Each structure stands twice: as C-alpha cells, then as structure tokens.
Amino acid sequence: MKDTFIAEKDVDQKTVKIAARDVQVWYGDNHAIKDVNVDIEDKTVTAFIGPSGCGKSTFLRCINRMNDTIDICRVTGDIRIDGEDIYDRKVDPVQLRAKVGMVFQKPNPFPKSIYDNVAYGPRIHGLSRNKAELDEIVERALKRAAIWNEVKDRLTAPGTGLSGGQQQRLCIARAVATEPEVLLMDEPCSALDPIATAQVEELIDELRQNYSVVIVTHSMQQAARVSQKTAFFHLGHLVEFGETDKIFTAPEDERTESYITGRIG
Amino acid sequence: MSDASLTSGAAPTRAKKSLMAVDVRTRKRNAAEKRFRAYGIAAIVTGMFFLIVLAVSIVRSGLPAFSHTVVSVEFNLTEEQFADAESQLFKTKAYEALLIEEIRSALVARGLDVEFDSDAIARLLGKPGGTLREHYRANEQDLGQPVRFELAAASRVDGYLTGRVTRDTLQDSRFLQGSDLDLIDALVDADIITRAFNWNFIMGADTGVDNPGGAGIGASVIGSFFMMLVVLVLSLPIGVAASIYLEEFAPQNRFTDLIEVNISNLAAVPSIVFGILGLAVFIQFMQLPQSAPLVGGLVLTLMTLPTIIISTRASLKSVPPSIRDAALGVGASKMQAVFHHVLPLAMPGILTGTIIGLAQALGETAPLLLIGMVGFVARGYPDGVMSGFVDPNSAMPAQIYTWAARADASFYEKAWGGIIILLLFLLTMNIIAIILRRKFERRW
C-alpha cells in the first residue's frame, strides 16, 4: 500500500464556494467550534482531519445546517455559499439541504427499494415531470455513484439488502440525485472494508468534476489520497488549512506536525 | 515495564489445577445458574397452571350458555283466538294460556303416565307468550294452520337437564316442584323437551330478570362495537398526532416535561376516575344521552389515549435517528421526514399499542358503571347507525356484570358464556394486531 502517496494534482485558482468567517458553535455550555475561518473552493475535494472530538464533524454539519435539529446547539458567525449567508433569517434549511447534499458515517439507506431511495430526493423537490424523467435521473445518479452496473437488474430490491460498500454508494447516489452543488461527507468510509473504501475514494475523485466535496476523515492516508485541500482541526480550532501536499509534507503548525506524525490524536 | 519484575519477589505461586476437577467457585456459580433456571421454569409453570385452570373453568361454566333446553310443540292458533287474545289487557298471558291448553290436550292425547296439570306445564315453559305473539303478528298467514315452535324452557328445567338442579337440591316453589321433574323426564323421553344450540344467546338482546332463557349478548356486542368505533376514530389520530408532535417537533423544556409526566400518570389513573369524569363532563355538562355508546366511547377514549401515546412515542423513539438524518440530508422537511420515513417504520409498534389500548377499553366495566351502561336492559337492537351511537345500549363487559349480579342462577351461566364471547373478541383483535405487525414489519 502506498500509504504515504500524495497525488500530484493540479490545483488551479478556483472560485470560493463556501466562505466561513468567525464561526462559533456551542452545545449548551460546551464551546465546540472556536473562530473558524475557511474558504472552500468549488470543484475541489477538501478534507477535514483531526483527532476525535475536535469539531470537524460539527463544522461539517454547520454547512448544511443539520445542527438545527439539535435543540441545544447554537451557531454564530457567518457561513456563505456563493456569497449568500446560509444562516440568514430568510433561508429555509430545507432548500439549503437540497443544494448541499450529505453522506453520513454509517450507510443509512431508507428501508425501501433501491429505486425509491434514489428517487426520493427528486420526488420531493419536484425535479421530474414524469416517470421517464425520474427513471433517467435515477439511472444517472446511480451511474455517477458507480453502482449502476451492480444494481441495474434489481432496482426494486430493498436498499438495505446491499453490502456495506454498496449501501454507501447508494447513499452517495441518493445525495447526488438532487443535483446538489456541494457534497458533504462525514467519514463516509469508516464502516467500509478496504475494497469498498477504494471504490468510494475513486468515486469522490470523479465527483470533484461537478461538485465541491467536503470530506471528514479519520484516516490521514485517505485525506492525502482524495483531497486537494486539507484542514486540520484541534480542540475546536482550525489549526491549519492549505494544499494537501503542503499540510502533509511541510506543515507550518507544530500541532499539525504532531498529529500527522502520530504524536497526538 | 518488563515481565521479569512481575514474577520476581514474593508473589504467591499459583498451584496448577486440572481442568477435570471443578473448583468451589465454579461449582457455586453453576449452582446459582441452575437455581435461577429452576425459578424461571417454576414461574412459567405456575402461570400456565393458572391459565389452564382459568380457561377450563370458563369453558366449563360458559359452554351451557350456548345451548338451551327447548320445548318443541305444534300449535294451531285460529283467527278468532288471535283476535280474542289481542283484545285482552294481558295479551301475552292470553297467548300463554292458549298454548298451555294446547300442550295439555296434546299430552293427554298421547297418554303420558305421569300426573300433571296446566300449572305444571306453565312452570316448564319460560315466557312463551311474547314469542308467540310476535310470530303471529308478523306472519298472519300462519293463523289457522299448525306451526311447530321451539320455545325456550324455564331456567329451572334447563338447570335440571344440565345438572345444576337435582332432585335432592330442588325446593318446591312456584318456579318448579318435585313432581314436575317426572313430567320433564317423560317429556324428554317423548322428545318434546330437547337441547338445541342457542343462537339467541349470540344474536339476541337482553331480557328482564325473570327470563334468563331468552337473554342474549348480541345487542351488547353491537353496543361494544359502536363504542370501539368511537374509541378508534378518536384515540388513534389524536394519540398519534400528539405523540408525533411531542416526540419530533416539540422543544424540550419544562412545559413539555410536565406534559410528559402527566401523560405517564394518566395511564395509571384508575378507570373509574375516567368514568366519573365522563359523567360530569359528557352527561351532566354537555347533556349527551345517558347509557349511549357514544358517551361510553368518549370515556374510553380518554382512558385509551395515554396508552396509545406512550406506545407510539416508544416506537417513534426506536426508529434509528440515521433515517431522520438521511431524509433531512436530501432536503426533506421535518414533516416529510416524519411522515415518509419515520412513521411507516414506527407503524407496527403504533398498531400494537393501539390494539392493546382498544382491547383494554373493550374489557373495561368500571367507567361504564358511572355513565349508566351497567344495569341497563338492552332489549333490542339499535335501528340504525346513528341510533347505534346515541340510543341507550349496553356493552359486553357491562352486560356480563349485569348478568352476574342477577339472582336467577341461569344468568350466572350466561355471564360465563358472555366471557367466552368477550375473550373471543379479544383474541380476534390480538390476531389482527399480529397480522398487521407482520405485514408492516416486512417493509424494513
């Protein structure tokens, strides 16, 4: 395994998709995210790394306002997608989440057929006018998630009957079916075996062409393999953010270096 | 740290033990486990024993209610007799007198070698006058030609044939006398008194205290049915809506905590309290009719709601949060997430809770006591759907309670028979619950 391999990826100057300024998150009295400022670019894979409990998942969930569902959670600061403040009073989180898709740590397909899993998002957002269009959307999403060949003959089979890796790719298909602009992934491979992980990673790299992908991961090798930008979180602070190869080869901050060399975390 | 530092020094050396010899500690542990298993089996055996005793005693005491003793006679009523009987003050008495005369002459003609008189025949029959009058008023074309009737015998005759009344225990009274037993034996030999399946018990309505032979549970089954309809239609939507709101939407604060505690407490409130509440609110304040299945249903709804809310909340809670996340993640609104994904998954639990609540309500007597459904004699069926809700009626458990309180020993048998019917209903409901749960669980 080329664990330390760092992809030679051309990183051009791209437009900023998500801009976060002075973001603070409290869970009750617990200050979980402190002063995070970050610019996430379009058509780029950005990896969030850091030890457990450092706030990387919390910050990820701020980007599509999934934290709204937690009563005691309070978010201040400014997160803008394409210049629009997503915490503005006028923003409906439902519309935001259609634009910012999310894939979770544990594969969580609906206990319905594979087809219905993918078609659910387009249906509730009214993306298709008829059955044929919906079929097309489902097929395109499944193809994009690189699972079409495996499931095309059994679209009516329950999604929960697939293997773990297939389930996760089905969840990715479900997320991309609603045509989001940003795709958030919260440790998408932590429940998968190495082969399924490799498939999902390959997929992430392909998805980069259409989306801005933000991925939280515990595996530094994975961050190095799939991302162009990496952000290192520690104890609620964004310690360092930059080009992935720079973070892994020449980190500026002492804590980053300690983490990637395995001394903290 | 090295291994050497552990083994050095005065550490006690552990004696080597054979795997073949069981040491004291293990023996104690195994004994404890064996004891525990024995307790468990003993508990189950005890439970089974009582269940079997209960089932056997219910079936033994209740089965006689499903058959009854009938006196089978051929009767010919002329038009003049009909007109004459209808003109009298006590019309059914007039029919009875005619019938008894007819039987008497028929028996004399057959030449039975026992002593009997008209009064003896009257004691053997239940209350046949009403049945005859109803028949002839409805079928006037039968006048003037012989018609075969199977009339319910008096309850003492029934008791004599089922063994409840014996020659030793019989006390001469206006109901039955020792000499009548010879007549009964003779009539049984002559196939005039026989036993038949008592459809009237299942289909019929209640009778007065003096005619246990004609009493049936049918009308109160209808009463129970309308009550359950009210309970289902009100408590299921209200209960499910309340639990969905509390579980999925309501903010967690002192106020919702208070509501939660109150709902749990309501589930433990004795049902008679709901009865008195129903009396005060529905009958005295809202002026709804007494003894009506509608009011009974409303009271039982109050009683069932906490059960449904608690079980619904439990089954909503058991739906994994990842499903909610998944739905919200693709941009479903909170309501869409709940109704498209959470609710279908919680359905089996909700249905089970609802049917358990309904079953509880079906067997409830105490609250019905206070709104006048107990002691009410449901003499007939309601005329229609509307009157099914608002006309006074009884309910199955109330009917059983009423029968059990009556003096005539045959009503005791009816009460047990009613219990069998009630249990059959509960069994049916539980089977429906199991089938529905299976059906919905497959969607996982």
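1. Two helices count as roughly antiparallel when the angle between them is over 145 degrees, on a scale from 0 to 180 degrees between N-to-C directions. The axes of α15(B) (residues 334-362) and α19(B) (residues 409-441) cross at roughly 175° and come within 9 Å; the two helices are therefore roughly antiparallel to each other.

2. This is a predicted model, in which local features need pLDDT of at least 70 and side-chain atom pairs count only at pLDDT 80 or more, while totals for chains, interfaces and linings use all residues. Residues are numbered from 1 along each chain, and chains are lettered from A in the order in which they are written.

3. The contact between α15(B) and α19(B) (C-beta atoms within 7 Å) involves, among others, L351(B) and I355(B) of α15(B) and F425(B) and M429(B) of α19(B). By class, this contact has 14 nonpolar, 2 polar and 2 charged residues.

4. Helix α14(B), residues 321-329, has as its buried residues (20 or more other C-beta atoms within 10 Å) D325(B), A326(B), A327(B), L328(B) and G329(B). What covers them includes α2, β6 and α6 of chain A, together with α15 of chain B. Just after α14(B), G331(B) takes a positive phi of about 95°.

5. An unreviewed UniProt entry annotates residues 18-260 of chain A as "domain: ABC transporter". This span is 38% helix and 27% strand, and its end C-alpha atoms lie 26 Å apart.

Methods
Helix = DSSP H or I, 4+ residues; strand = E, 2+ residues; numbered from the N terminus. Parallel < 35°, antiparallel > 145°, perpendicular 65-115°, else oblique. Contact = placed C-beta atoms within 7 Å. Nonpolar A, V, L, I, M, F, W, Y, C, P; charged D, E, K, R; others polar. UniProt positions renumbered as here; feature names shortened; annotations may be inferred. Buried ≥ 20, exposed ≤ 12 C-beta atoms within 10 Å, placed from the backbone.
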